[in-house]
Amino acid sequence: MASRRIPTPSSVPPTPAEAASDSRTVRALVLQGGGALGAYQAGVYEGLSSEHHALDWVAGVSIGAINAALIAGNPPERRVERLREFWQLVSSAPGQQLPIWAGERRLLAQFSANAAVAMGIPGFFSPRVDPTLLLGGAAPVLSYYDTSALKSTLERLVDFDRLNDDGIRVSVGAVNVRNGNSVYFDNRRVRIGPEHIMASGALPPGFPPVHIDGEDYWDGGIVSNTPLQYVLDEHERNRRLLVLQVDLFSAVGPMPTTLAEVTARQKDIQYSSRTRLNTDVLGANVNLQQALAGLLERLPPQMLEEPGLRALCQHLRSEPIDVVHLIHRPAEWEQDAKDYEFSRLAIDAHWADGLRDMRHSLAHPEWLQRQVQGGGVTTYDLARPDHARVRRPGTGVDTAPSA
């Protein structure tokens with residue numbers, strides 16, 4: 001009897017640059033939460049769209065969900081325009097528009113953050129006017145701010161019919177308030193509306209939970225601030241996956257020297273979702289599955305005919321996965337309030353940083369040449385040429401990109 005082998009991926013996979021134009025490749029944009037820092041993601045998308053318009057999947061949490069909606073809910077030629085309209089709106093309050101010559105940069109940032117706390121942010125949230133707040137923790141309300149303005153903003157800037165029907169997969173993470181479970185609203189399963197995007201960004205106690213179909217939801221970042229795990233779990237293993245993961249908090253940073261820096265550093269560690277570590281762990285798991293599938297395929301042909309074994313091998317096998325990291329790295333003037341510091345100065349700076357990092361990554365396609373055969377996960381951190389990092393399947397070590 002002729003032997004039958006389990007199908008395996010092509011022996012010489014294309015580079016990620018080639019994969020970006022391959023119709024069999026799933027191109028996913030993964031957006032972390034981080035409030036005002038989300039302007040960095042908008043800059044990244046501007047840089048990306050100048051080279052590659054096609055996206056198959058956008059997954060986001062919190063502000064990443066808002067950016068995802070602005071991208072998927074508009075035609076390609078209007079996405080950057082809509083992103084800029086949103087970010088200019090939320091940085092348009094008088095307290096957010098002080099010129100750079102008005103004072104020392106850290107003081108301006110602190111003033112801007114204080115103004116956001118006291119007055120809210122246009123098109124986003126406003127202070128809740130409720131005398132029961134004088135009761136402090138005993139107040140019978142669920143948040144300090146009202147986010148109804150965000151609903152109006154989303155309805156104006158996002159075409160939700162396009163978001164649901166245009167072919168781009170959209171997934172946004174939230175947390176069920178009652179059972180604490182992480183939930184992803186995915187337009188392959190539900191029809192996403194403004195309420196799903198708002199639920200993903202409903203960070204307590206600032207913002208109220210969002211009620212959807214009998215349940216209440218908070219910000220997905222409470223459980224996990226990046227949707228990479230969801231994307232890796234849900235993607236079709238018989239298709240190549242190219243992920244651009246845009247994170248807003250860096251797990252790596254200097255030792256703090258002041259109380260404000262302590263708070264900022266704590267927030268970076270808490271919300272970074274251990275950016276590189278988690279990605280490496282996820283990659284190691286997939287690579288281990290690939291290795292195990294390879295070993296199983298060496299069994300005698302008659303054993304491979306067993307339905308259970310065949311199903312196991314097919315489950316373990318996947319086409320190559322490439323994860324390209326872009327990580328916002330805080331400037332010296334950023335402080336612990338950076339995620340709610342919506343000054344025009346900060347928004348423009350974050351946007352420019354994202355655009356710069358994306359251009360750096362796209363400017364060196366030779367760095368993205370795969371040096372391995374078969375499947376597995378390769379991770380890239382390419383935004384800073386002097387600290388470029390590549391981790392390939394089977395090595396377990398970081399290497400410098402090779403031209």
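Visitor: At what angle do the axes of α4 and α6 cross, and how far apart do they come?

Guide: They cross at roughly 155° and come within 11 Å. Axes are lines fitted to C-alpha atoms, for helices over the stretch in contact, and angles run from 0 to 180 degrees between N-to-C directions. This is a predicted model, where local features need pLDDT of at least 70, side-chain atom pairs count only at pLDDT 80 or more, and totals for chains, interfaces and linings use all residues. Residues are numbered from 1 along each chain as its sequence is written, and side-chain values use heavy atoms, with hydrogens and water left out.

Visitor: What makes α4 and α6 parallel or antiparallel to each other?

Guide: The angle decides. Under 35 degrees counts as roughly parallel, over 145 as roughly antiparallel, 65 to 115 as roughly perpendicular, and the rest as oblique. The axes cross at roughly 155°. α4 and α6 are therefore roughly antiparallel.

Visitor: Which hand does the crossing of α4 and α6 have?

Guide: Right-handed. A crossing gets that name if the near helix is turned clockwise from the far one by less than a right angle, and left-handed if anticlockwise.

Visitor: Which residues of α4 and α6 meet?

Guide: From α4, Arg82, Glu85, Phe86 and Leu89. From α6, Leu150, Thr153, Arg156 and Leu157. Contact means heavy atoms within 4.5 Å.

Visitor: Which residues of α4 are buried, and why are they said to line one face?

Guide: Helix α4 covers residues 79-89, and its buried residues are Arg79, Val80, Arg82, Leu83, Phe86 and Trp87. Seen down the axis, they fall within an arc of 165°, so they line one face of the helix. The arc is that of the directions from the helix axis to the C-beta atoms. What covers them includes α2, α3, α6 and α14.

Visitor: Why is Ala69 called buried?

Guide: Buried means under 20% relative accessible area, exposed over 50%, and partly exposed in between (1.4 Å probe, protein chains only). Ala69 has 0%, so it counts as buried. Ala69 is found in helix α3. Leaving out residues up to four places away in sequence, Ala69 touches Val158, Leu163 and Ile197. Its C-alpha atom is separated by 8.6 Å from that of Asp159, 90 residues apart along the chain.

Visitor: How do you know whether His350 is buried or exposed?

Guide: Its relative accessible area is 1%, so His350 is buried. His350 sits in helix α14. Among the residues that His350 touches, not counting those up to four places away in sequence, are Tyr40, His328 and Trp333.

Visitor: Why is Asp213 called exposed?

Guide: Asp213 has 77% relative accessibility, so it counts as exposed. Asp213 lies in the loop between β7 and β8. Its phi is near 50°, a positive value in a residue other than glycine.

Visitor: And Ser62: buried or exposed?

Guide: Buried, at 12% relative accessibility. Ser62 is in the loop between β2 and α3. Phi of Ser62 is positive too, near 60°.

Visitor: How do you know that β7 and β8 pair?

Guide: Two strands pair if DSSP finds at least two bridges between them. Between β7 and β8 there are 3, in the antiparallel sense. Val210 stands opposite Tyr217 in β8. Strand β5 is joined to β8 by 3 bridges as well, also antiparallel. There, Asn176 stands opposite Tyr217.

Visitor: What makes β11 a mostly covered strand?

Guide: Of its 5 residues, 5 are buried. Val377, Thr379 and Asp381 point one way, Thr378 and Tyr380 the other. In a regular strand the side chains alternate between the two faces of the sheet. β10 and β11 run parallel, joined by 5 bridges.

Visitor: Which peptide bond is cis?

Guide: The bond from Pro204 to Pro205, with omega near -5°. Pro205 is found in the loop between α8 and β7.

Visitor: How many helices and strands does the protein have?

Guide: It has 14 helices and 13 strands. Helices (H or I, at least four residues) and strands (E, at least two) are DSSP runs, numbered from the N terminus. Of the 403 residues, 53% count as buried.
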